[in-house]
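The following note is meant for a colleague who meets this structure for the first time. Please read the points with the sequence and the model at hand.

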Amino acid sequence: MALRRILFAVCLVLSVLCLAAGYGIAGQWIGMVIAITIGLAWLLARKYPASGLSLICLLASVCLAVVGRLTGSPPLLMICGPGIALAVWDLLLLDVALGSNSFGEQTRQYESKHLQSLILALGLGLSVAFLGRFLTLQIPFVLLLLFVALAVFSLDRAWGHIKKKYVGR
């Protein structure tokens with residue numbers, strides 16, 4: 001349970017720092033204040049988890065990053081800010097789902113696996129975003145359409161396998 005709270009705090013600070021630094025570099029001081037206000041709102045969302053404030057904070061972080069990008073903030077900071085805010089949102093939902101059930105071995109294993117998959121997804125997603133900023137590939141539209149269809153088909157097959165194996169018990 002302590003690891004969950006530590007990761008929440010670290011991700012919250014990183015998200016707010018990315019958004020605030022992006023706006024600071026662009027000279028948009030109002031955006032910096034809004035980013036810090038969103039960080040404080042995340043703390044309120046943690047205190048009142050049933051209020052739906054966590055979803056509002058996530059949407060506000062994404063919208064702030066979009067507006068920041070449109071006003072000339074650095075793209076990497078505007079990608080990292082809402083990406084890490086998504087991790088904050090997931091950690092908040094995990095905290096609500098587990099509540100005070102952190103004493104059982106099965107709960108600890110679930111929490112550990114969830115945190116591992118969250119860190120892996122966050123690392124992979126941000127790595128792909130960084131890589132995408134520096135690589136430009138000229139892919140024909142038809143080939144891109146086939147890749148998207150393959151990805152959707154693969155996700156559908158994986159979801160069907162997971163559903164059959166774990167839910168259909």
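1. Terms of exposure. A residue is called buried under 20% relative accessible area, exposed over 50%, and partly exposed in between, with a 1.4 Å probe and protein chains only as cover. By this rule Glu105 is partly exposed, at a relative accessible area of 48%.

2. Basis of the note. The model is predicted: local features need pLDDT of at least 70 and side-chain atom pairs count only at pLDDT 80 or more, while totals for chains, interfaces and linings use all residues. Residues are numbered from 1 along each chain as its sequence is written, and side-chain values use heavy atoms, with hydrogens and water left out.

3. Overall architecture. The chain has six helices and zero strands, and its elements run α-α-α-α-α-α from the N terminus on. Here helices (H or I, at least four residues) and strands (E, at least two) are DSSP runs, numbered from the N terminus. The C-alpha trace spans about 55 × 50 × 25 Å along its principal axes.

4. Of the 169 residues in the chain, 28% are buried. Among contacts (heavy atoms within 4.5 Å) with a separation of 6 or more, 72% are between residues 24 or more positions apart.

5. Surface. Accessible areas come from the Shrake-Rupley method with a 1.4 Å probe; for residues, only the protein chains shown count as cover.

6. Salt bridges. How many salt bridges does a search of the whole structure find? The search finds four, a salt bridge being a side-chain nitrogen of Lys or Arg within 4 Å of a carboxyl oxygen of Asp or Glu.

7. The bridges of Asp95. Asp95 forms a salt bridge with Arg4, and their closest N and O atoms are 2.7 Å apart. This pair links distant parts of the chain, since Arg4 in helix α1 (residues 2–26) and Asp95 in helix α4 (residues 75–98) are 91 residues apart. Both Arg4 and Asp95 are buried; for Asp95 the relative accessibility is 18%. Asp95 also meets the side chain of Arg46 in a salt bridge, at 3.3 Å from N to O. Arg46 lies in helix α2 (residues 29–47) and Asp95 in helix α4, so this pair ties together parts that are 49 residues apart in sequence. Arg46 is partly exposed, with a relative accessible area of 22%.

8. A bridge within one helix. Glu105 and Arg108 form a salt bridge whose closest N and O atoms are 3.2 Å apart. The two residues are separated by about one helical turn because they stand three residues apart in helix α5 (residues 105–134). Arg108 is partly exposed, at 41% relative accessible area. Elsewhere, salt bridges that share partners join Arg4, Arg46, Asp95 and Glu111 into one network.

9. Pro49 is placed in the loop between α2 and α3 (53–70) and counts as partly exposed at 40% relative accessibility. In space, Pro49 is 7.7 Å from Leu92, C-alpha to C-alpha, although 43 residues separate them in sequence.

10. A nonpolar patch. A nonpolar surface patch of about 1200 Å² includes Leu137, Ile139, Phe141 and Val152. Patches are made of residues with over 30% relative accessible area and no salt bridge, with like charges joined within 9 Å and nonpolar side chains (Val, Leu, Ile, Met, Phe, Trp, Tyr) within 5 Å. Val152 is found in helix α6 (residues 141–167) and counts as exposed, at 54% relative accessibility.
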